[in-house]
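Thanks for coming. I will go through one model, starting with a helix pair, then the sheet, then the pocket.

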Amino acid sequence: MSKIELIAPCHFGLEAVLKREIIDLGYDIAEVEDGRVTFYGDEDAICRANIFLRTAERILVKAGSFQAVSFEELFEKTRAIPWEIYIPENGKFWVSKAASVKSKLFSPSDIQSIMKKAMVKRLSEHYHREWFSEDGASYPVRVFLMKDTVTVGIDTSGVSLHKRGYREVSGKAPITETLAAALIMLTPWKKDRVLVDPFCGSGTFPIEAAMMAANIAPGMNRSFTAEEWTNFIPKKLWYDVVNEANDVIADDVEVDIQGYDLDGSVVKIARRNAREAGVEHLIHFQERDVRQLSHPKPYGFVITNPPYGERLEDKKDLPDLYRAFGKSFTELDKWSAYMITSYEEAERYFGRKADKNRKIYNGMLKTYFYQFMGPRPPKRAREE
């Protein structure tokens, strides 16, 4: 097993959550930057990170990092990367994405084209051929330029890791699976506490919580680009990690996780998604208005993604909606509430200032994660 640097991109503002996950998985952190965590592992770590990490967007093998302020420099330093270590003679390789921030080189299409030429040049010299069939496994390259520092990674995941494989259809204003998992991890919720999402939509919060409670690895029901990299990662490693993930599932865990939505059609979608994720038996979904939010037990959690009113015609309904949500919440005994929303007046109409709030980008949309903390349960109650 060789020592490899791996890059795990994540949502801006949630790097600390991903860092903790990586440490818990047993790997050493190399660097934490805005929107990504770099760590050390081996070939086995590529498999385990893809299958077990809940909050990473993808896993990249770091091929190189260098300074470049001209296209000539970009070409020569890309050519200097030992691509033959990763890409076999028949490998399909291309620069799938280029992003540039505060750098002299800023045209993604030019960056992609020049780097591809440099890769071809390097591999031509190594394999002693001018033309490549590229009919083998895929090795997509992603490059990020920040203040003229070029970071180059080979994508092991393929489709983004938020695509768990359980959500074929989404409800309105969906929240990604990786973001939902990270937000749950930012709360003190544990599987022995009640969790309710009164705006559950396609069920992402309840499903991610149930998967955590049952210890179901998020990558169990999907494939990854690097599964075909048999020159670099033996197939047996993937089978071993899937077996490891299967061995730790606690399918019989007892939980109280509920999802409500006013729209009966999305509740049906949520049930179907939960079934696909293997957690339908752990979640109670119901067509229900937020005004009917109630629960007899104390010390529960509301974790939710209420409507933002991104369309102008919907904004007029938001004051009443958030007011009703706040009123229902006050009737819950010693509960905590956590909501992510871009609605600027959320606290005003909810009727309480948040104890904490955290700015998080949901895609390109600036949102806030409002945290209304309830009291901690007595020690004995927590142990029961």
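In α5, Glu177, Ala180, Ala181, Leu183, Ile184 and Met185 meet Thr204, Phe205, Glu208, Ala209 and Met212 of α6, where contact means heavy atoms within 4.5 Å. By class, the residues of this contact are eight nonpolar, one polar and two charged. Ala, Val, Leu, Ile, Met, Phe, Trp, Tyr, Cys and Pro count as nonpolar, Asp, Glu, Lys and Arg as charged, and the others, Gly among them, as polar.

On sources: this is a predicted model, with local features needing pLDDT of at least 70 and side-chain atom pairs counted only at pLDDT 80 or more, while totals for chains, interfaces and linings use all residues. Numbering runs from 1 along each chain as its sequence is written, and side-chain values use heavy atoms, leaving out hydrogens and water.

Back to the pair. Helix α5 spans residues 177–185 and helix α6 residues 204–213; they pack at about 65° with their axes 9 Å apart. Axes are lines fitted to C-alpha atoms, for helices over the stretch in contact, and angles run from 0 to 180 degrees between N-to-C directions. The crossing is right-handed, that is, the near helix is turned clockwise from the far one by less than a right angle. Helices (H or I, at least four residues) and strands (E, at least two) are DSSP runs, numbered from the N terminus.

Now the sheet. Seven strands make an open, mixed sheet, ordered β2-β3-β1-β4-β7-β6-β5; pairing requires at least two DSSP bridges between two strands. β2 (28–33) and β5 (92–101) are at the edges with a single partner strand each, so one side of each has no neighbour in the sheet. On average, neighbouring strands are turned by 30° against each other, direction ignored.

β1 (residues 4–9) pairs with β4 (residues 60–67) in the antiparallel sense over two bridges, and Ile7 has Leu60 in β4 as its bridge partner.

Two helices lie across these strands. α3 (residues 71–79) lies across β4 and β7 (149–155), at about 135° to β4. α4 (residues 108–127) lies across β5, β6 (138–146) and β7, at about 140° to β5.

Last, the pocket. Which strand gives the most to the lining of the largest pocket? β6 does, with four residues. β1, β5, β6 and β7 each supply at least two. The lining divides into 13 nonpolar, eight polar and eight charged residues. A pocket here is an open set of points on a 1 Å grid over the protein atoms alone, where a 1.4 Å probe fits, with protein on both sides within 12 Å along at least five of seven lines; lining residues have an atom within 4 Å of a point.
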